[in-house]
Amino acid sequence: MAYNQKSDFKPKFEQGITPTVQTIFSQITVKDIINYISCLKAQAIISWMEKTNLSGKILIFGTYITGFKVANLLVKNYQVTVVDIHPHLKYFLDEKVSFRKDITELDSAETFEVIIDTTGIGGIDLSILDFFNAPKVLLVENPTSDGSDNLIKSFDETLSRLKHSSASRKGYLFTHGLNSKTSGTMTLTMEVLRRSMRDVLCKEGVLYAVPSLDFYERILFQEKNPEKYLKSIQRPAMVVSSLDRVDCDHIIRENLEKINSVLVESKD
C-alpha cells in the first residue's frame, strides 16, 4: 500500500567488517511504515464515509498522524477543517485544508456534517463537542489496541466521547493485529520494527539486526521541527549483519500485513 511493491524490490547489500560478512539495508524506510499504517486507518474511515453518502463540511480534531492523513485525502472531495493546538503541524496539511489552532477561531453556529476526533489519550475535552451544533456523524479514533494494559485502557475516553454526543450516527476506529500497547501509528511502527528484528534474528547466519530508532515525536513536539522529523524517518527501517543474504523487506511487509484497521459503528 505505502511501500514499494515492484518485482525488482530488493534490499541494498554491501561488504561488512570482513568479506565474509554482509551488511543489508532495507529499502523500506521508517516513513514507509508510518505511511502504510496511517493509510490503513484513513482508508477505513473513508470507505465507511463513502457508504453513507456524506457531502457536507468535515471537522477533524488532531493533526498527528491520522488527522493529517485523513484530512489530506478527504479534502479532494469535501470541505475540511482541522483544529490542533500545535500550529507547526500545519506543515503536513494540504493547502486546501483549513487550519485552526483553537475552536474559538470557528463560528459556534457553524454546522459540520462530520466531526472526526483523532486526539486519543489526553485529547479533547467533552465540553469541546458542545461548542458546535451536533453533527450528523461523530467518529473517534480509539487509542487502545489488542495489547493495551489496564492502565492504558483506563485512560481511553472513546465511549465517553461517543455517548456525550447527540450525533445521529457514531463510530470508532479500532486498529489492531500486533498486540501493541496502543493503536498509535508511532506505537505500531515501533512494534513492526521490534517484531521484524526478532524475525530477522531467527534467520540462519544473521549476526545481529539494528532497527532505525529515534525519539521521532520529540523532534516534532519539543523541537517543533517538521522538516527534521521528515528527514529522520527517511532512513532504512532496518540494517542487518549476516553471513547470508536476508530479505528483511519481506519480513517487514509480513508484519505490516498483520495490522487491521476497522470502523466500528456504535449503537449508543
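Helix H2 is mostly covered, with 8 of its 9 residues buried. Buried here means under 20% relative accessible area, exposed means over 50%, and partly exposed lies in between (1.4 Å probe, protein chains only). Helices (H or I, at least four residues) and strands (E, at least two) are DSSP runs, numbered from the N terminus. The model is predicted: local features need pLDDT of at least 70, side-chain atom pairs count only at pLDDT 80 or more, and totals for chains, interfaces and linings use all residues. Residues are numbered from 1 along each chain as its sequence is written, and side-chain values use heavy atoms, with hydrogens and water left out.

The buried residues of H2 include Phe-68, Lys-69, Val-70 and Leu-74. They pack against H1, S3, S4, S6, S7 and helix H6 (185–201). Lys-69 is buried yet has no salt bridge. A salt bridge requires a side-chain nitrogen of Lys or Arg within 4 Å of a carboxyl oxygen of Asp or Glu. For Lys-69, the nearest side chain of opposite charge is Asp-32, 9.8 Å away. Lys and Arg count as positive, Asp and Glu as negative; His and the chain ends are not counted. Beyond its neighbours within four places in sequence, Lys-69 is in contact (heavy atoms within 4.5 Å) with Asn-35, Ser-38, Cys-39 and Ala-42.

Ile-65 sits in the loop between S3 and H2. The peptide bond from Tyr-64 to Ile-65 is cis, with omega near -15°. Most residues other than glycine have a negative phi, and most peptide bonds are trans. Asn-179, in the loop between strand S8 (169–176) and H6, has a positive phi, near 60°. Lys-224, in the loop between H7 and helix H8 (226–232), also has a positive phi, near 55°. Lys-224 counts as partly exposed because its relative accessibility is 46%.

The largest nonpolar core holds 38 residues, of which Met-49, Ile-58, Leu-74, Val-80, Ile-116 and Tyr-229 touch the most other members. Such a core is a set of buried Ala, Val, Leu, Ile, Met, Phe, Trp, Tyr and Cys residues joined through side-chain atoms within 4.5 Å. H1 gives the most to this core, with 8 residues. Apart from it lies another core, of 22 residues, among them Ile-28, Ile-37, Ala-237 and Met-238. Ile-116 touches residues including Ile-45, Met-49, Val-70 and Leu-139, not counting those up to four places away in sequence.
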